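Subject: Handing over a structure

Hi,

Here is the structure I promised to pass on to you. Have a look at it first, and then read my notes below.

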Amino acid sequence: MTPVTEAVRADTAYDEVVPDEAWREEVRRLAAERDAVLLAHNYQIPEIQDIADHTGDSLALSRIAAASEASTIVFCGVHFMAESAKILSPDKTVLIPDARAGCSLADSITADQLRAWKAEHPGAVVVSYVNTTAEVKAETDICCTSANAVEVVASVPADREVLFLPDMFLGAHVKRETGRDNLHIWAGECHVHAGINGAELADRAAAQPDAELFIHPECGCATSALYLAGEGAVAADRVKILSTGGMLDQAKETKARSVLVATEVGMLHQLRKAAPGVDFRPVNDRASCRYMKMITPGALLRSLREGTDEVHVAPEIAARARGAVQAMIEIGNPGGGE
Ligand code: 13P
Ligand code: SF4
């Protein structure tokens, strides 16, 4: 294990950095020196979550980034999240510790594909999940996250067609909740959440009949959870379809002794901290997002020391995307973050 002082001498040595006390002190010192605020998504590794100034879901972190007084934002999350911060705060320096941290869901639609889809539905309102590139956001009317997708779509006049993208499972959830027939859904998915399937959930729920189910709406099993409730296999009030921040709020309130969690496994850290008396178990313990896990202790240290990787969004793209992202942060529930 290489101590921080030695690790910073050569670039490759960042791979060896361990999140010990010396690392924590150095990260805090460098953040203060750079006037940087550290934001961490709920799927980050526990050590990164614990050192951040704020953790939260993507909606809460967007709001915190927009309101922050710091001149630099270090976004420990994936690239589209850091881009959203840059779109909202073009004059700030936005860093992501590893710019290769992408998102398979954001990659499931390009700006050209969206332009072609819009041409098939002239006059439709485009609602894009925040898990999209800046170029796609520039073609969007309103962005949303899983925390406010239902409210965003409900804010669109009932007689207007809506193009919802890119996540088909979240789209199905929004369609169910709003009862809209004129909602068209792009067939994209997140490889991590799509892999949490209904059969696995049904098995787990049968083995733990008293457990509550916390399900992220990107999951392939969200529909199965509602089906189980409809069939009476699980009491309907035990099924909660929630953003990652919504899961945290619910964890603080739940009376259940055990909870089955269907989302990326990084979420378990915040849940266990929020409610230590509750037994939180993953529905699928292999549901780990390799992009989120690219933000390692060494990558964060390098980012603060060297000012890398800086996030840039072309000014004309940012200007076109800003209204859609701004509308998103103003609509709906608070999101979960602290
Ligand atoms: P939340 O908006 O619920 O934090 O989710 C973000 C995400 O990337 C889900 O995979
Ligand atoms: Fe993207 Fe899925 Fe990873 Fe979330 S969990 S960042 S949607 S790939």
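A polar contact here is a pair of N or O atoms within 3.5 Å; within protein, one must be able to donate a hydrogen and the other to accept it, and residues adjacent in sequence count only if both atoms are side-chain atoms. Please keep in mind that this is a predicted model, where local features need pLDDT of at least 70 and side-chain atom pairs count only at pLDDT 80 or more, while totals for chains, interfaces and linings use all residues. Residues are numbered from 1 along each chain as its sequence is written, chains are lettered from A and ligands numbered from 1 in the order in which they are written, and side-chain values use heavy atoms, with hydrogens and water left out.

Let me start with ligand 1. An oxygen atom of this ligand is 2.5 Å from a side-chain N or O atom of Ser58, and an oxygen atom of the ligand is 2.7 Å from one in the side chain of His41. Asn131 also takes part, with a polar side-chain atom 3.2 Å from a ligand 1 oxygen. The protein covers 96% of the 300 Å² of accessible area that ligand 1 has on its own (Shrake-Rupley method, 1.4 Å probe).

What about ligand 2? Among the residues around it are Val78, Cys103, Leu105, Cys190, Cys289 and Met292, and its shell divides into seven nonpolar, four polar and one charged.

Now for the salt bridges (a side-chain nitrogen of Lys or Arg within 4 Å of a carboxyl oxygen of Asp or Glu). The structure holds 16 of them. One joins Asp50 to Lys273, with the closest N and O atoms 2.8 Å apart. That pair links distant parts of the chain, 223 residues apart: Asp50 is in helix α3 (residues 46-51) and Lys273 in helix α14 (residues 267-274). Helices (H or I, at least four residues) and strands (E, at least two) are DSSP runs, numbered from the N terminus.

Finally, some backbone points to check on your screen:

- Leu165 and Pro166 are joined by a cis peptide bond, with omega about -10 degrees; Pro166 is in the loop between β7 (162-165) and α9 (168-178).
- Asp35, although not a glycine, has a positive phi of about 55 degrees.

Best wishes

Definitions and conventions. Near = heavy atom within 4 Å. Nonpolar A, V, L, I, M, F, W, Y, C, P; charged D, E, K, R; others polar.
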